[in-house]
Amino acid sequence: MSKEVKEMVIDELRERVGESRDFLVVSVARVDGVTANRWRLSLRKSGVHVLTVKNNLARQALNSVGISALDPVLEGPSTLVWGGEDVVSLSREITKWAKEIEGLEIKGGAVEGQTLSSGDVDALSKSPGRLELISQIVGLALSPGRQLAAALLGPGGKIAGQLKTISEKEESA
């Protein structure tokens with residue numbers, strides 16, 4: 001491949017990656033073509049991008065946009081995966097597919113400038129996602145108000161119940 005063609009490929013890769021900074025790297029070398037296409041189409045519907053590219057070209061393009069955490073992972077047949085709702089949902093999706101498709105191997109990834117091993121990607125897939133964390137934070141923020149309301153209504157409810165019982169006894173007597 002001539003230098004001009006390599007530069008065009010690197011520019012195209014830089015353009016495709018855009019503002020993404022979180023990537024996973026998988027190997028689909030032992031997956032048949034039909035299964036790989038089914039996998040790619042399914043991921044595309046989820047807003048996940050998949051690109052198989054030469055390691056050296058990927059390394060050059062990613063380094064030019066400030067992503068060097070993938071350098072140790074880009075060895076052997078590599079396919080870049082990025083996009084989706086967040087990196088946790090991406091890792092969940094890829095981990096799910098790795099269990100379904102024999103031969104699909106998770107090699108690692110990069111999240112916020114940190115290099116991830118395949119075990120780290122698996123651990124990340126089991127952690128709560130962005131929306132789950134937001135709901136947990138909201139729940140924690142509302143918890144003191146909920147406890148205060150329960151404390152205020154609790155004794156009043158007991159008194160109301162006792163008054164109702166007394167009035168029912170008087171009516172039946």
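These are my notebook entries on a predicted model of one protein.

**Overall fold**

I began with the secondary structure and found six helices and five strands in the protein, which follow one another along the sequence as α-β-α-β-α-β-α-β-β-α-α. I then looked up the overall dimensions, and the C-alpha trace spans about 100 × 35 × 25 Å along its principal axes. The radius of gyration is 27 Å, whereas a compact globule of 173 residues would have one near 16 Å.

**Surface, burial and charge**

I noted that 32% of the 173 residues count as buried, and that the protein exposes about 10,800 Å², of which carbon and sulfur atoms supply 56%.

**The nonpolar cores**

I looked next at the largest nonpolar core, which has 22 residues, and the members that touch the most others in it are Val 26, Trp 39, Leu 43, Val 81, Ile 94 and Leu 104. Two or more residues of this core come from each of β1 (23-27), α2 (33-45), β2 (48-52), α4 (87-100), β4 (105-111) and α5 (118-125), and the largest share, five residues, is given by α4. I also wrote down a second, separate core of 19 residues, with Ile 10, Val 53, Ala 61 and Ala 69 among its members.

**Glu 93**

I checked Glu 93, a residue of helix α4. Its relative accessible area is 19%, and because the cut-off for buried is under 20%, Glu 93 counts as buried.

**Arg 59**

Arg 59 lies in helix α3, which covers residues 55-64. Beyond its neighbours within four places in sequence, I found Arg 59 in contact with Asp 71, Leu 74 and Glu 75. I also looked up its separation from Ile 10, which is 49 residues away along the chain, and the two C-alpha atoms are 9.2 Å apart.

**Ala 69**

I located Ala 69 in the loop between α3 and β3 (79-83), where it is buried with a relative accessible area of 9%. Setting aside residues within four places in sequence, Ala 69 is in contact with Ala 110, Gly 113, Gln 114 and Thr 115. Met 8 is 61 residues from Ala 69 in sequence, and their C-alpha atoms are 23 Å apart in space.

**Glu 112**

My last entry concerns Glu 112, which I found in the loop between β4 and β5 (114-117). Although Glu 112 is not a glycine, it has a positive phi of about 50°. Its relative accessibility is 70%, so Glu 112 counts as exposed.

How values were computed: Residues are numbered from 1 along each chain as its sequence is written. This is a predicted model: local features need pLDDT of at least 70, side-chain atom pairs count only at pLDDT 80 or more; totals for chains, interfaces and linings use all residues. Side-chain values use heavy atoms; hydrogens and water are left out. Helices (H or I, at least four residues) and strands (E, at least two) are DSSP runs, numbered from the N terminus. The radius of gyration is taken over C-alpha atoms; the globule rule is 2.2 Å times the number of residues to the power 0.38. Buried means under 20% relative accessible area, exposed over 50%, partly exposed in between (1.4 Å probe, protein chains only). Accessible areas come from the Shrake-Rupley method with a 1.4 Å probe; for residues, only the protein chains shown count as cover. A nonpolar core is a set of buried Ala, Val, Leu, Ile, Met, Phe, Trp, Tyr and Cys residues joined through side-chain atoms within 4.5 Å. Contact means heavy atoms within 4.5 Å.
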